[in-house]
Amino acid sequence: MNRSHPIGIFDSGYGGLTILKDIRKQLPQYDYLYLGDNARTPYGTRSFDVVYEFTLQAVKKLFEMGCQLVILACNTASAKALRTIQQTDLPKIAPNKRVLGVIRPSAEEVDRLTRNKHVGILGTKGTVSSMSYVLELEKLHNGTLTVSQETCPMWVPIVENNEIGTPGANYFIQKNINNILSADPLIDTLILGCTHYPMLTQSIKMFLPATVQIIEQGPIVAQKLADYLNRHPEMESVCSTGGSVQYFTTETSNNFNNMASLFLNEPIEAKTIRL
């Protein structure tokens, strides 16, 4: 491949495609390279050490492929690996390159939306158990928020098995919504803490009071990325602007293409690589 400098988008699987879709919508001029570690997904049930190891391998691969800036479009990777990579690895392996995540942008958006400071987080087991959202929200808001979390183990399989909108899918969505609202009936802002979950937004809204606002990560991450590039012209200037996108997966490309097309509503042709 040529030595363009695309913005790298990494996810353990397919969910990061929802982030890529919104980033491309807001910033279509840049080149993008999406990498899904589909052969080793899911990350959510793996230990911190394993997620860190896998994520660092992916980041290094994206650097080798020309990316100067990488977005971890995966909540588990952002929760379990981002800080160590930023603080420990980048100074040694790539001091002029940057890796950003998806948790902080979503946490920052809470302040604009919540009216009563009662916030809910829906996520995978890995993201919820990491407490990353809770800790980020406490840091940003000085402990003034009441934060509740709910693990939604069936939501990713619902999306990836194309069961959206079925009675079985709605049963599990309603169950998890009821659980988190029972834990705190005052919740007025709900973070979708997994990149698959925007695919379920319409179903989620069926079981939420109209007063509860939903935070979807894609548009927020896209806006924060635009702000970041404006504030860091030294990084913006090295990101190539051909308007292209390439897809890579650690799984067979046919499997990836079929599922990715479901997320993006367009034909996808990916290439298989090894990490």
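Let's start with an open sheet of four strands, ordered S6-S5-S7-S8 and paired in parallel. Its edge strands are S6 (146-151) and S8 (213-215), each of which pairs on one side only. Please keep in mind that this is a predicted model.

- Strand S5 (residues 118-123) and strand S7 (residues 189-193) run parallel and are joined by five bridges.

**Helices across the strands**

- Helix H5 (residues 103-113) lies across S5, S7 and S8, and it runs at about 160° to S8.
- Helix H9 (residues 167-183) lies across S5, S6 and S7, running at about 155° to S6.

**A closer look at helix H13**

- Helix H13 (residues 253-264) has 12 residues and spans 16 Å from its first C-alpha to its last, close to the 16 Å expected at 1.5 Å a residue.
- Its buried residues include Phe 256, Met 259 and Phe 263, along with Asn 257, Ala 260 and Leu 264.
- Among the elements covering the buried residues of H13 are helices H1 (16-26) and H8 (155-160), as well as strands S2 (32-36), S9 (245-249) and S10 (270-272).
- Just after H13 comes Asn 265, with a positive phi of about 55°.

Notes. Residues numbered from 1 in each chain as written. Predicted model: local features only at pLDDT ≥ 70, side-chain atom pairs only at ≥ 80, totals over all residues. Heavy atoms only, no water. Pairing = 2+ DSSP bridges. Helix = DSSP H or I, 4+ residues; strand = E, 2+ residues; numbered from the N terminus. Contact = heavy atoms within 4.5 Å. Axes fitted to C-alpha atoms, helices over the stretch in contact; angles between N-to-C directions. Expected span 1.5 Å × (residues − 1). Buried < 20%, exposed > 50% of the residue type's maximum accessible area, 1.4 Å probe, protein only.
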